[in-house]
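Here's a friendly walk through one protein chain. Keep the picture handy and follow along as we go from the whole chain down to single residues.

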Amino acid sequence: MSRLYTIPLNGLKEGSYSYDFEVSGEFFDDYEGSEIRECDLRLRVEIEKLAGHYNVRFLLKGVVRVVCDRCLGEYMQPVNSENRLVVKGGGEFDDSDPELLILPASMLDLDISQFIYEYSHLSLPIRKVHPEGPDGKVMCDPEMIRRISNTGEGHRGPGPEWDKLKEFLHEN
């Protein structure tokens, strides 16, 4: 459990609370396979304690370095997301529902590290490409775009090994 990203729930009285966190690239070093290695993120966690449960709201904003799907160059992608979670006390720890977390009574603190990781990655666009510049042109690496464009030159299509498949497709 990371103490840096832990919120003490024990002792909170009914009402609203907020906590602010800064997240840098080092945070993601502990997660193998993370798309994010460098970032500058601000996280505000707002907690509303009610009788029997907590409503938790995660507000994430900042920039992360990602790889462009078009040219494979790196660029800083802005992210801005809001996620909600309900935390309830219960017999055993259960995080099987992405919107509900059950904590046993023995757990007095809420470690939000995994939520930071998940919500940061969920805030990334499905298709990551360089944004347009002030002149309206895409900021992709022009040399890489030229190389990709040239890979199709001289290509004659599928060879004779595909003829049997074409015959089969036309018969059915």
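## The chain as a whole

Let's start with surface. The chain exposes about 11,600 Å², and carbon and sulfur atoms supply 52% of that. Accessible areas here come from the Shrake-Rupley method with a 1.4 Å probe, and for residues only the protein chains shown count as cover. Before going on, keep in mind that this is a predicted model: local features need pLDDT of at least 70, side-chain atom pairs count only at pLDDT 80 or more, and totals for chains, interfaces and linings use all residues. Residues are numbered from 1 along each chain as its sequence is written, and side-chain values use heavy atoms, with hydrogens and water left out.

The chain has 3 helices and 8 strands. These are DSSP runs numbered from the N terminus (helices are H or I with at least four residues, strands are E with at least two). Going along the sequence, you'd read the pattern β-β-β-β-β-β-β-β-α-α-α. The radius of gyration is 24 Å, well over the 16 Å that the globule rule gives for 172 residues, so the chain is more spread out than a compact globule. That radius is taken over C-alpha atoms, and the globule rule is 2.2 Å times the number of residues to the power 0.38.

## Inside, outside and contacts

How much of the chain is buried? Of the 172 residues, 32% are buried. Buried means under 20% relative accessible area, exposed means over 50%, and partly exposed is in between (1.4 Å probe, protein chains only).

Now for contacts, meaning heavy atoms within 4.5 Å. Among the contacts in the chain with a separation of 6 or more, residues 24 or more positions apart account for 52%.

## Helix H1

Why is H1 described as largely enclosed by the rest of the structure? Because 7 of its 10 residues are buried. In H1, the buried ones are Ser113, Phe115, Ile116, Tyr117, Tyr119, Ser120 and His121. The buried residues of H1 pack against E2, E3, E4, E5, strand E7 (100–104) and strand E8 (109–111).

## Salt bridges

How many salt bridges does the structure hold? There are 11, where a salt bridge is a side-chain nitrogen of Lys or Arg within 4 Å of a carboxyl oxygen of Asp or Glu. One of them joins lysine 128 and glutamate 35, at 3.1 Å from N to O. Lysine 128 lies in the loop between helix H1 (113–122) and helix H2 (142–150), and glutamate 35 in the loop between strand E2 (15–24) and strand E3 (39–50), so this pair ties together parts that are 93 residues apart in sequence. Lysine 128 counts as buried, at 8% relative accessibility, while glutamate 35 is partly exposed at 44%.

Another salt bridge brings together the side chains of arginine 65 and glutamate 38 (3.0 Å, N to O). Arginine 65 sits in strand E4 and glutamate 38 in the loop between E2 and E3, so the pair ties together parts 27 residues apart in sequence. Arginine 65 is partly exposed at 26% relative accessibility, and glutamate 38 is partly exposed at 39%. Then there's arginine 37, whose salt bridge with aspartate 29 has its closest N and O atoms 4.0 Å apart.

## Two residues to look up

Leucine 72 is in the loop between strand E4 (53–67) and strand E5 (74–90). Is leucine 72 buried or exposed? Leucine 72 counts as exposed, because its relative accessibility is 60%. Leucine 72 also has a positive phi of about 65 degrees, although it is not a glycine. Cysteine 140 is 68 residues from leucine 72 in sequence, and the two are 8.5 Å apart in space, C-alpha to C-alpha.

Next, find arginine 146 in helix H2. Arginine 146 is partly exposed, with a relative accessible area of 43%. Asparagine 80 and arginine 146 are 66 residues apart along the chain, and their C-alpha atoms are separated by 33 Å.
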